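Please find below a note on the structure shown here.

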Amino acid sequence: MKSIAFVFTRAPHGNSSGREGLDAALATAALCEQVSLFFIGDGVLQLSEHQQPEKVLARNYIATFGVLPLYDVEECYICADSLAERGLTPESPRVLPAEVLDSAALRARLSQADHILTF
């Protein structure tokens, strides 16, 4: 069985990248057992709680991250260095539990995937 990693690198609003990545991850998880999600750079903001996308007239898709465990997507990783660069801590409230890893550990984990899709 091939493993597929979805890498989120962009902030949640202002473009459709995050929503498209989440839709692709959900569709893939319905067909593949080994799906993992990685959040790096501005992508760490995807999981932040208390977002108010309606204020920028954007669709609120963030709550949909909460259904990933129903699709057996339980491997979610977030970059500790990216959190720190954005003034967030590993304990910052998120909509989905994610394991916080430093950059080296995150790269090592990502290198284990057979396919990588970046959004």
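1. Basis of the note. This is a predicted model, in which local features need pLDDT of at least 70 and side-chain atom pairs count only at pLDDT 80 or more, while totals for chains, interfaces and linings use all residues. Residues are numbered from 1 along each chain as its sequence is written, and side-chain values use heavy atoms, with hydrogens and water left out.

2. Cysteines. The structure holds 0 disulfides, a disulfide being a pair of cysteine sulfur atoms within 2.5 Å. For cysteine 32, the closest cysteine sulfur is that of cysteine 76; the distance is 14 Å, which is too far for a bond. Cysteine 79 is likewise in no disulfide, as the nearest cysteine sulfur, again in cysteine 76, is 15 Å away. Cysteine 32 has a relative accessibility of 12% and counts as buried, and cysteine 79, at 4%, counts as buried too. Here buried means under 20% relative accessible area, exposed means over 50%, and partly exposed covers the range in between (1.4 Å probe, protein chains only).

3. Aromatic rings. The structure holds 7 aromatic pairs. Rings of Phe, Tyr and Trp (its six-membered ring) pair if their centres lie within 6.5 Å; planes under 30 degrees apart count as stacked, over 60 as edge-to-face and the rest as tilted. Why does the pair of phenylalanine 6 and phenylalanine 119 count as stacked? The ring centres of phenylalanine 6 and phenylalanine 119 are 6.1 Å apart and the planes stand at 15°, so the pair is stacked. Phenylalanine 6 belongs to strand β1 (residues 3-8) and phenylalanine 119 to the segment after β5 (115-118), so this pair ties together parts that are 113 residues apart in sequence. Helices (H or I, at least four residues) and strands (E, at least two) are DSSP runs, numbered from the N terminus. Phenylalanine 6 is buried, at 0% relative accessibility. One aromatic cluster is formed by Phe6, Phe8, Phe39, Tyr61, Phe65 and Phe119.

4. Salt bridges. A search of the whole structure finds 3 salt bridges, each defined as a side-chain nitrogen of Lys or Arg within 4 Å of a carboxyl oxygen of Asp or Glu. In one of them, aspartate 42 joins arginine 86, with the closest N and O atoms 2.7 Å apart. This pair links distant parts of the chain, 44 residues apart: aspartate 42 is in the loop between β2 (34-39) and β3 (75-79), and arginine 86 is in the loop between α2 (80-85) and β4 (99-101). Aspartate 42 is partly exposed, with a relative accessible area of 34%, and arginine 86 is partly exposed at 29%.

5. Further salt bridges. Arginine 86 also forms a salt bridge with glutamate 85, the closest N and O atoms being 3.3 Å apart. Glutamate 85 is exposed, at 63% relative accessibility. Glutamate 99 and arginine 109 meet through their side chains in a salt bridge (4.0 Å, N to O). Glutamate 99 lies in strand β4 and arginine 109 in helix α3 (residues 103-110), so the pair ties together parts that are 10 residues apart in sequence. Glutamate 99 is partly exposed, at 39%, as is arginine 109, at 29%. Salt bridges with shared partners join Asp42, Glu85 and Arg86 into one network.

6. The largest pocket. The volume of the largest pocket is about 190 Å³. On a 1 Å grid over the protein atoms alone, a pocket is an open set of points where a 1.4 Å probe fits, with protein on both sides within 12 Å along at least five of seven lines; lining residues have an atom within 4 Å of a point. Grid points are joined across faces, edges and corners, and the volume is the space filled by probe spheres set on the points. Which residues are the closest to the centre of this pocket? Of the 15 lining residues, they are Ser3, Gln34, Val35, Ser36 and Glu75. Strands β1, β2 and β3 each supply at least two residues of the lining, and the largest share, 4 residues, comes from β2.

7. Backbone angles. Histidine 50, in the loop between β2 and β3, has phi near 65°, a positive value in a residue other than glycine. Histidine 50 is exposed, with a relative accessible area of 68%. Aspartate 72 is placed in the loop between β2 and β3, and its phi is near 60°, a positive value in a residue other than glycine. Aspartate 72 counts as exposed, at 57% relative accessibility.
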